[in-house]
Amino acid sequence: MPRAGQGGDAAMTVIRPLRGGDLRAVLAIVRQVFPEDSWTLETAKGWLARSPLGAQARNAARFEQFIRLARLGEIVNLVRLAGVAALGRPATRYCIVADADGMIAGYACLNAVAGGQGDVQTIAVRGDRQGEGIGTVLLADLIATAAARGCRDVSLDVRADNARARLLYRRTGFTEAAVRPGYYQPSGADAVVMRLRISRRIEPGNARVR
């Protein structure tokens, strides 16, 4: 069910599950916030073969052609998000968007295995809506969902040079656990692994934009 939050001068923001009609707006955010495209053709094709949509023979050839003609990262994200929006697969993945004034202002995805580990796979806010607390609300919803699924902790990777994101995660309670040297390519930026221990069950939807 959609959840709303409002605070200060921020517009009413509804946090809701990703839908098929959101894909174009979400991919535009991906292009803006994550401009580097580090997927190789072989990596993308390998991922496609294991994906819910790509594993279907009637889709595989079409998606492989798209991969050859476009930015690989965008196509991989498209297939991944389309699988969640259209098929609800894999069941462990949970993707949401922040709908502000009828426009997609941000999105986030969590992979959470019941009783195990929650992995924040991505969280991004459109450039002109950053600083309004939307990322905070998206992150809070992912954490609450991981807790509701019985996860013991939540982890994520963040670029070492992304000071804004690291500050958000620290304020939320994440601690830095490790560094992956040169993880992000082609820039060679390090990734900082951050973890949050979940000590109690949290109900989704209690956070507000601020």
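Modeller: We will take the labels in turn, starting with confidence.

Modeller: Keep in mind that this is a predicted model.

Colleague: How do you know where confidence is lowest and where it is highest in the chain?

Modeller: pLDDT is the predictor's confidence in each residue, from 0 to 100. Helix α2 (residues 41–50) has the lowest mean, 49. Helix α5 (residues 134–148) has the highest, 95. The chain averages 77, and 64% of the residues score at least 70.

Colleague: Which residues stay under 50?

Modeller: Residues 6–11 do, and the model has 9 contacts for them beyond four places in sequence. Residues 37–44 do too, with 19 such contacts.

Colleague: Why is strand β4 called mostly covered?

Modeller: A residue is buried if its relative accessible area is under 20%. In β4 (residues 103–112), 9 of the 10 residues are buried.

Colleague: What makes β3 and β4 a pair?

Modeller: Pairing needs at least two bridges between two strands. Strand β3 (residues 93–100) and β4 are joined by 8, so they pair. They run antiparallel. Alanine 98 has glycine 106 in β4 as its bridge partner.

Colleague: How do you know that β4 also pairs with β5?

Modeller: The cut-off is again at least two bridges. β4 and strand β5 (residues 117–125) have 7, in the antiparallel sense, so they pair as well. Cysteine 109 has threonine 122 in β5 as its bridge partner.

Colleague: Which residues take a positive phi in the two hairpins?

Modeller: In the hairpin of β3 and β4, with 2 residues between the strands, aspartate 101 has a phi near 55°. In the hairpin of β4 and β5, with 4 residues between the strands, glycine 115 has a phi near 75°.

Definitions and conventions. Residues are numbered from 1 along each chain as its sequence is written. This is a predicted model: local features need pLDDT of at least 70, side-chain atom pairs count only at pLDDT 80 or more; totals for chains, interfaces and linings use all residues. Side-chain values use heavy atoms; hydrogens and water are left out. Buried means under 20% relative accessible area, exposed over 50%, partly exposed in between (1.4 Å probe, protein chains only). Contact means heavy atoms within 4.5 Å.
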